[in-house]
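Dear colleague,

Please find below the sequence and the structure that I am handing over to you. My findings follow directly after them.

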Amino acid sequence: MNAAIATTYLESDTGRVTSTAAADAGTVPSKGVIGMTCLIIAESAIFTIFVVAYLYYLGKDLSGPTPRQVLELPIVNSICLLSSSATITFALRSLRKGNAKKFGFWWLITIALGAYFLLGTGREWHHLIHDQGLTLQTNLFGTTFYSLVGLHASHVVVGLLALSIVMAFAFAGSVKREHAERVHVLGLYWHFVDVVWIVVFTVVYIIGR
Amino acid sequence: MKNLPNSSQQVDLIRCLDAKDVWMTDSRTGARLTRSVGRASLLLFWLVAFIVIPEGVLAAEKTDPTLVPSIFTPESAPAHAISHLAGFVLVVTGAIFVVVAGLLLYAVVRFRRRAYDDGTEPPQVYGSGPVETAWTTVPFLIVIVLTLATARVIQEVQDARKPVAALDVQVIGHQWWWEIRYPKLGIVTANELHVPVSQAGTRLPTFLDLRSADVVHSFWVPRLAGKTDLIPNKVNSMWIEPERTGLFVGQCAKYCGTQHAKMLLRVYADTPEDFDRWVAEQKKLAENNPDVAAGRLVFERTACINCHAINGTVGDGRFGPDLTHLMSRNTLASGALTNSPEGLRTWIKSPDKLKPGVLMPAMNLNDSDLDKLVAYLTTLK
Amino acid sequence: MNGAIRTGDLGGALPLDSTAETEKSVFDSIHSWLVTVDHKKLGLMYIMFGLFFFVVAGLEACLIRTQLAIPNNHFLSPQLFNQLFTMHGTTMVFLVGMPLIFGFANYLVPLMIGARDLAFPRLNAFGFWLSVFGGLLLYFSFIGGEGMTGAGSAPDVGWFAYAPLTGKAFSKGHSTDYWILGIMIGGFGSIATAANIITTILCMRCRGMTLAKMPLLAWINLIMCGMVLIAVSPLTAAQIMLLLDRFVGSHFFDTQAGGSATLWMHFFWIFGHPEVYVLILPAFAFASEIIPVFSRKAIFGYPVMVGATLAIAFVSLSVWAHHMFTIGMTSTSNTFFAISTMLVGIPTGIKIFNWLGTMWGGKLRFDTPMLFSTAFLFQFLIAGLTGIMLAAAPFNWQLNDSYFVIAHFHFVLVGALVFMIFAAVYYWFPKATGRLLSERFGKWHFWLFLIGFHMTFDTMHIPGILGMPRRIYTYEAGRGWGIWNLIVTVGVAFQVFGTLVFVLNILLSLRKGRPAGKDPWDAWTLEWSTTSPPPEYNFAQIPTVKSRRPLWDIKHPSDPDWRYE
């Protein structure tokens with residue numbers, strides 16, 4: 001191709017790494033946000049299938065304990081997990097303002113709340129298994145309950161791992177204002193986990209019982 | 001719309017591409033390679049056209065046309081309904097094919113670049129509102145027509161009301177045989193279904209209740225009806241209404257494991273008299289010929305009774321087919337072989353040879369026991 | 001020089017080509033491919049992986065067809081046959097189709113939108129290696145020990161693995177576990193790559209390229225990746241459930257304990273149907289780029305093409321149970337799915353008209369890419385029409401699970417997708433390698449494959465109509481199926497020869513093909529503005545565009561596209 005034409009027509013980008021169409025429009029979607037949104041969409045589809053299985057099998061047990069017989073509303077657990085969405089927002093806000101200490105404080109609270117939720121789930125399961133005789137193998141309810149709640153819990157675990165890594169960096173003083181966007185993306189994942197809990201709670205403990 | 005002169009570069013490019021691939025003709029190996037590939041392909045083509053296909057036609061099995069289970073030779077009300085719908089759909093889609101393929105062919109011929117082409121670009125047309133609306137609306141209308149026709153037949157077949165006189169048959173799918181029960185008549189048989197024919201104004205449909213004992217199967221006898229699946233934990237229902245006497249063949253149509261291929265179906269439509277006769281025979285207890293008592297003992301003392309039932313003996317296993325009237329059937333092993341004493345002997349001796357993977361184990365009887373057993377079983381008419 | 005240039009580092013003006021490479025040892029070369037995060041290399045590796053398994057699955061098909069050529073054949077045992085058709089289907093969908101479409105998307109999308117790489121290059125590499133590992137795990141099953149019947153452990157449950165055949169009770173040994181794990185791992189890779197491509201398209205287009213000015217290939221890949229996110233996940237979920245059933249005794253699909261076989265079907269087909277649209281959408285993308293160039297006209301009706309693709313994506317999520325017309329759903333459900341299936345045929349059909357409209361009034365050049373594209377149009381038309389037939393539920397009650405369905409979906413997947421993959425290879429090979437493929441070999445490839453394809457798959461409709469079910473390792477003489485099966489088998493030989501010619505073409509042209517230059521086809525999208533092969537950083541300077549065909553605007557400065565769009 002004629003180099004002269006190329007230089008005059010195809011304007012250079014003056015050395016910036018990316019030059020997007022949206023730069024004309026003024027807003028560039030953040031790659032991290034879009035990527036995390038894609039992951040959330042895919043994960044939502046997975047959870048939807050488990051929820052559908054749960055609802056489909058409601059009342060179809062041939063034997064064994066039913067939800068009404070053994071399930072108790074995990075109110076405290078849920079309050080903890082859902083508040084952690086608030087605390088992570090506070091943490092992010094502090095980080096955006098540059099307040100590393102406050103960020104660390106709220107971040108730690110978030111992790112603590114998430115960990116308490118997991119402990120609570122563990123306690124609930126222990127009670128169900130040892131006192132109520134409900135396992136994954138017992139009946140359809142056992143199968144769908146443990147898999148759905150377990151799938152959610154595993155996502156909490158992964159989230160806590162990621163949060164802890166950030167915590168470690170924060171302790172080392174490495175988390176600064178310019179990292180707010182990345183922390184925001186992680187926060188999106190955490191919010192997703194909480195929203196899924198709202199759905200799971202409604203399906204398992206309200207509709208299902 | 002635009003009619004534009006090319007840049008000279010474009011003209012060069014077109015000319016370049018018309019030139020023979022330099023490396024293919026300049027180099028000897030290239031030319032040789034092309035020639036040999038060409039010759040090999042031509043040879044293959046003629047081989048196929050004049051040797052393989054005629055050989056295949058000649059070797060083609062002699063087929064009894066009534067046994068070809070074509071969906072377009074329906075002989076039962078549901079099959080007729082489907083066949084008519086199919087014909088209608090074929091006509092519509094055929095017309096669409098003729099029009100669109102015709103246009104494609106026309107375009108390919110009419111708009112190909114000519115050798116004398118001046119190298120200019122043709123008028124650039126980016127779209128056309130009216131045209132695009134038209135070719136969206138027409139398919140939409142076609143879809144409406146097709147769905148109305150389809151909905152009507154769905155209802156006609158699926159929601160058909162069961163007449164009081166209908167025969168009830170329960171079919172239970174197993175790996176790899178069909179258990180057939182007539183609950184109101186108290187009969188149990190396997191693999192070969194007998195039903196009365198609907199002729200001369202009297203409608204005698206048979207309603208089939210379909211269940212499975214293990215995995216998913218599918219009941220398909222194309223001349224009689226579309227297929228319906230047999231699904232464990234689910235009860236399905238279908239109906240057939242054969243309109244001539246004789247044999248209708250089909251087979252399992254849902255992959256169900258190793259011997260899915262040999263889970264064949266035979267449906268015999270009998271005149272009402274023949275059917276009643278058959279029912280009467282099936283209701284009887286098993287033959288108890290004292291000449292073959294030794295064979296009966298073999299049956300009762302070997303593990304056969306774990307899987308097989310013979311009415312009137314201690315055998316009441318349900319895992320395998322009921323053998324009470326074994327010899328009233330024309331085939332063994334769900335159509336895998338013809339029913340004959342020799343066939344029966346071979347089957348019992350090594351089922352895995354005739355139907356590899358079958359769940360019936362070789363019972364490892366010695367020859368004497370085997371002979372006695374076969375002698376007994378062949379009395380079970 | 002290459003080592004110093006990383007994606008994203010721009011230090012002023014850069015040379016336009018990258019041919020000045022320092023001498024590398026073989027190990028260095030292999031190493032650079034193994035650790036690369038460059039979308040072009042990963043794209044090519046995906047494609048090579050896909051083409052390799054295309055040959056493998058093709059050989060499986062040859063074995064299957066040999067066994068079925070005559071009635072009551074004893075060439076293969078039933079156990080091996082059942083493994084072969086399972087592996088053939090599974091391989092073609094997951095180890096050929098998905099890698100090929102992600103390979104082309106990987107290679108082309110950044111080049112066509114004026115970006116230097118995908119949004120997350122390391123995730124890209126991760127996704128690729130996950131797919132490779134999944135494929136190797138699946139094929140390891142052939143030697144991995146005792147299976148259901150002792151004949152190796154390759155899965156033999158059909159590519160859709162219906163429950164409860166896949167349960168511990170009926171599928172002893174580990175064949176099903178290999179199926180689950182091999183595909184699940186690849187599935188994670190697919191989701192990762194899909195997210196990557198979506199992010200790239202939404203965030204990294206060059207200046208001036210609004211979504212409305214993006215090439216159709218980018219649009220279609222964007223929509224395809226969105227579908228992957230939503231559709232592959234249900235399969236992952238169902239496979240997790242099946243794993244739990246098989247390993248920890250849960251009862252999702254355990255019918256003996258009240259579980260449901262139809263639930264697996266629903267979950268599988270909620271994946272399975274959008275999956276086949278995922279597979280075919282890239283074929284549409286290739287056609288939308290190749291047909292205009294070889295007709296010398298812009299694509300007819302760009303906005304409608306985008307809209308139709310979106311419509312396909314949405315509606316295809318609502319048709320899944322047309323694979324389940326025979327399971328005994330209510331007449332209302334059957335009617336609903338018949339309607340939705342026929343409806344999805346409308347936006348699909350419209351696309352054929354749009355391509356036809358592109359060719360209409362053009363100056364058609366029948367180089368090899370266009371030969372394959374024209375055959376694609378003809379074959380996809382037929383595939384769509386047999387699809388309409390299958391959508392008529394009562395007709396489906398006869399045709400489901402018969403050779404008619406096999407003929408239909410091979411018309412789609414071979415007649416449409418594979419033909420367009422061939423077209424895409426002939427079209428973009430020059431860009432990726434700097435050399436043209438031989439036109440002469442290309443024409444031999446085309447005609448051999450075309451003859452074989454039609455001999456096999458046109459004929460295949462007939463045994464279906466005559467009542468031959470699928471997945472049977474042999475069939476009775478006397479049902480009138482023998483002669484048709486023989487013809488079907490013979491057609492395979494032509495396809496094998498055609499594929500051989502194709503492979504030879506690639507191997508020989510890599511060494512001796514004519515140098516292609518930047519723009520051998522006189523095309524209009526951005527990838528043709530850079531060198532062949534492109535430098536690692538794709539473009540010396542990220543371009544700015546004003547229309548959908550930036551190179552048309554350069555070549556026709558007096559009458560650019562942006563005046564008319």
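**Chain B**

Of the 381 residues in chain B, 38% count as buried. Please bear in mind throughout that the model is a predicted one. The secondary structure of chain B consists of 11 helices and 12 strands. When contacts in chain B between residues at least 6 apart in sequence are considered, 66% of them join residues at least 24 apart.

Two places in the backbone of chain B deserve a remark. The peptide bond that runs from Gln175(B) to Trp176(B) is cis, with omega near 5°. Trp176(B) belongs to the loop between β1 (167-174) and β2 (177-182) of chain B. The other place is Asn364(B), which has a positive phi of about 55° although it is not a glycine. Asn364(B) sits in the loop between α10 (351-354) and α11 (367-377) of chain B. With 10 other C-beta atoms within 10 Å, Asn364(B) is exposed, since a residue counts as exposed if 12 or fewer such atoms lie within that distance.

**Chain C**

The secondary structure of chain C comprises 15 helices and 0 strands. Its radius of gyration is 24 Å, close to the 24 Å that the globule rule gives for 565 residues, so chain C is as compact as a globular protein of that length. Taken along the principal axes, the box filled by the C-alpha atoms of chain C is roughly 70 × 50 × 45 Å. Of the 565 residues in chain C, 72% are buried.

Within chain C, one helix pair may be of interest to you. Helix α13 (residues 439-465) of chain C and helix α14 (residues 482-512) of chain C have axes that come within 7 Å and cross at roughly 160°. Angles over 145 degrees count as roughly antiparallel, and α13(C) and α14(C) are therefore roughly antiparallel to each other. The crossing of these two helices is left-handed. The residues of their contact divide into 21 nonpolar, 10 polar and no charged.

Chain C also has a cis peptide bond, which joins Ala163(C) and Pro164(C), with omega about -10°. Pro164(C) is found in the loop between α4 (121-140) and α5 (175-203) of chain C. Asn72(C), a residue other than glycine, has a positive phi near 50°. The loop between α2 (39-68) and α3 of chain C holds Asn72(C). Asn72(C) counts as exposed, with 10 C-beta neighbours inside 10 Å.

Val319(C) lies in a loop as well, the one between α8 and α9 of chain C. Is Val319(C) buried or exposed? Val319(C) has 23 other C-beta atoms within 10 Å and is therefore buried, the cut-off being 20 or more. Not counting residues up to four places away in sequence, Val319(C) touches His273(C), Phe337(C), Ser340(C), Thr341(C) and Val344(C). Met342(C) is 23 residues from Val319(C) along the chain, and the C-alpha atoms of the two are separated by 9.0 Å.

**Where chains B and C meet**

The contact takes 99 residues from chain C and 99 residues from chain B. On the side of chain C that touches chain B, the elements that give two or more residues include α3 (78-113), α7 (261-295), α8 (302-315) and α9 (331-359). The element that gives the most to this side is α9(C), with 14 residues. By class, the residues of the side of chain C that touches chain B are 55 nonpolar, 28 polar and 16 charged.

One helix pair spans the two chains. Helix α4 (residues 77-110) of chain B packs with α10(C) at an angle of about 170°, and their axes are 10 Å apart. The two helices, α4(B) and α10(C), are therefore roughly antiparallel to each other. The residues of α4(B) in this contact include Val89(B), Ile96(B), Phe97(B) and Leu104(B), and those of α10(C) include Leu377(C), Phe378(C), Leu381(C) and Ile388(C). The contact of α4(B) with α10(C) has 14 nonpolar, 2 polar and no charged residues.

With kind regards

Terms used:
Residues are numbered from 1 along each chain as its sequence is written. Chains are lettered from A and ligands numbered from 1 in the order in which they are written. This is a predicted model: local features need pLDDT of at least 70, side-chain atom pairs count only at pLDDT 80 or more; totals for chains, interfaces and linings use all residues. Axes are lines fitted to C-alpha atoms, for helices over the stretch in contact, and angles run from 0 to 180 degrees between N-to-C directions. Helices (H or I, at least four residues) and strands (E, at least two) are DSSP runs, numbered from the N terminus. Angles under 35 degrees count as roughly parallel, over 145 as roughly antiparallel, 65 to 115 as roughly perpendicular and the rest as oblique. A crossing is left-handed if the near helix is turned anticlockwise from the far one by less than a right angle, and right-handed if clockwise. Ala, Val, Leu, Ile, Met, Phe, Trp, Tyr, Cys and Pro count as nonpolar, Asp, Glu, Lys and Arg as charged, and the others, Gly among them, as polar. The radius of gyration is taken over C-alpha atoms; the globule rule is 2.2 Å times the number of residues to the power 0.38. Two residues are in contact if their C-beta atoms, placed from the backbone, lie within 7 Å.
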